[in-house]
Amino acid sequence: MAEKRFQINPVGKGQRNLGRWDMFATWFGANANNGTWYIGGIIAACGLVGGFWAMLIASVISYLFLSLVSLMGYETGLSTTTLSRASFGIRGSVIPSVINFIMFMGWTAVNTFIAATSLSFIFHSFFGWPLFGQSGGNKGLIVGILIMSVLHILSIISGQKSVRIIERVGIILVIFFVLWEGIVVFRHVSFHELLNWTVPVKDRMPFGAALDILAAFNLAWVTSAADFSRFAKTKSVSTVSAFWGALVGVVSFAAMGMSTAISIALTSGIYNPDNSDPSTVANELGLGTVAMVVIVLTSMTSNAVNLQASGSALNNLFSRLSLRSSLLIATVIATLLTFIPLINGDFLAVFTAFLDYIGMLLGPIIAIMVVDYFCDKETYVQPNFEQERGAFWYKGGFNYPVIILFAFGVLLYLILSNVAFLKETTGATFIVMAIVALLYYGLLQYQSKRKAKQ
């Protein structure tokens, strides 16, 4: 009986067409979005200085991993979830694939929800519809969600070229919007006032907790890095351009999210992270309809990345599906998920719970994949990713020691994230990643010695 083949879709040399600016714009646009702004408002609870340092430390560490996974994608031509077959097993890769799919569906839903909130402000201005949160305000939000979903589907149908155009136009509008917001903010309050704002005791966020939230936010992009770097023209484009695009995007938008949230706290006397999304901020600062339209466009640039990553994950799970079909299915599911905060009634609670889920799961996966590749990259050849009973088949398609180590990493995070000292200092995410990486490296060395003896 012929062995079963688990199909992969490596990128050919002719498809490597992303240049330096394209890669920078992709990752800048991925972070210059509503979710990043909202994260900035949340970590404002550390104060401006504390929040900025937490953002910088977590982002630099996370995007070094982004560069490493980008290099893996560039050198192999494979997506991130396909690469996970090497460490988790061909069938075991279902674990990171399902996690990636759900996670990027969640991010698409988050950005769509905030963009729909912006649209509800536009509907209020033009048609007098009630705002979200007011009686009858759900109508504008629901219509906004449906409009955003149609725009996502149209961009998918139009293909990769249209996505690239959206990203290039979006990055210009985003830079304009950030500068505009900055000017308006500093008309209301001075930098000295922002710097010296004291966080209310009941709202204060420990530094380590902020690091964990930001790590979860930033590491989410790492598990999609190879999905884009495999299309890069050169190695430096895949790594350096990706690193700086993501870092500049997150720093600029999260810093502005922090500043505007603190600005509103200073002028109103109330710090409320739930009012730190860009739509509410733009409305509070009186920026008008144009700002809302820009927020909607930034959501589209970010969700182009989210949907591409979720489509790649679904494609790894069901290789007979075309990538376009996977993207369309992902868009429909994301639309349904967008209604969860509407049903729950508390966007902040849903958002923070989502971030906890990400931080718990992503760190161990990334640590394992990076160690595996750089310790054993000579085995990363196409037949091993496809063949039943090949090098990545392990036992029944699953690499059980790795799956056990992954589960250990998740459990370790749950324990360490509740340690008071770590909450105040380093957080748990990067410590867990370091421990899992060391344990996996030790496991590989042990297995290598056993093979040598045999």
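This is a predicted model: local features need pLDDT of at least 70, side-chain atom pairs count only at pLDDT 80 or more; totals for chains, interfaces and linings use all residues.
Local features are taken only at pLDDT of at least 70 and side-chain atom pairs at pLDDT 80 or more, while totals for chains, interfaces and linings use all residues. Numbering runs from 1 along each chain as its sequence is written, and side-chain values use heavy atoms, with hydrogens and water left out.

The protein has 21 helices and 0 strands (DSSP runs of H or I with at least four residues, or of E with at least two, numbered from the N terminus). Of its 454 residues, 58% are buried (under 20% relative accessible area, 1.4 Å probe, protein chains only). Among contacts (heavy atoms within 4.5 Å) with a separation of 6 or more, 86% link residues 24 or more positions apart. Carbon and sulfur atoms hold 66% of the roughly 18400 Å² of accessible surface (Shrake-Rupley, 1.4 Å probe).

Helix H1 covers residues 20-31 and spans 17 Å between its first and last C-alpha, close to the expected 16 Å (1.5 Å times one less than the number of residues). In H1, 9 of the 12 residues are buried, including Trp27 and Phe28.

Helices H4 (80-83), H6 (94-127) and H17 (347-376) each give two or more residues to its lining. Thr80, Asn100 and Met369 are among the lining residues.

Technical notes
Buried means under 20% relative accessible area, exposed over 50%, partly exposed in between (1.4 Å probe, protein chains only). On a 1 Å grid over the protein atoms alone, a cavity is a set of points where a 1.4 Å probe fits but cannot get out, and a pocket is an open set with protein on both sides within 12 Å along at least five of seven lines; lining residues have an atom within 4 Å of a point.
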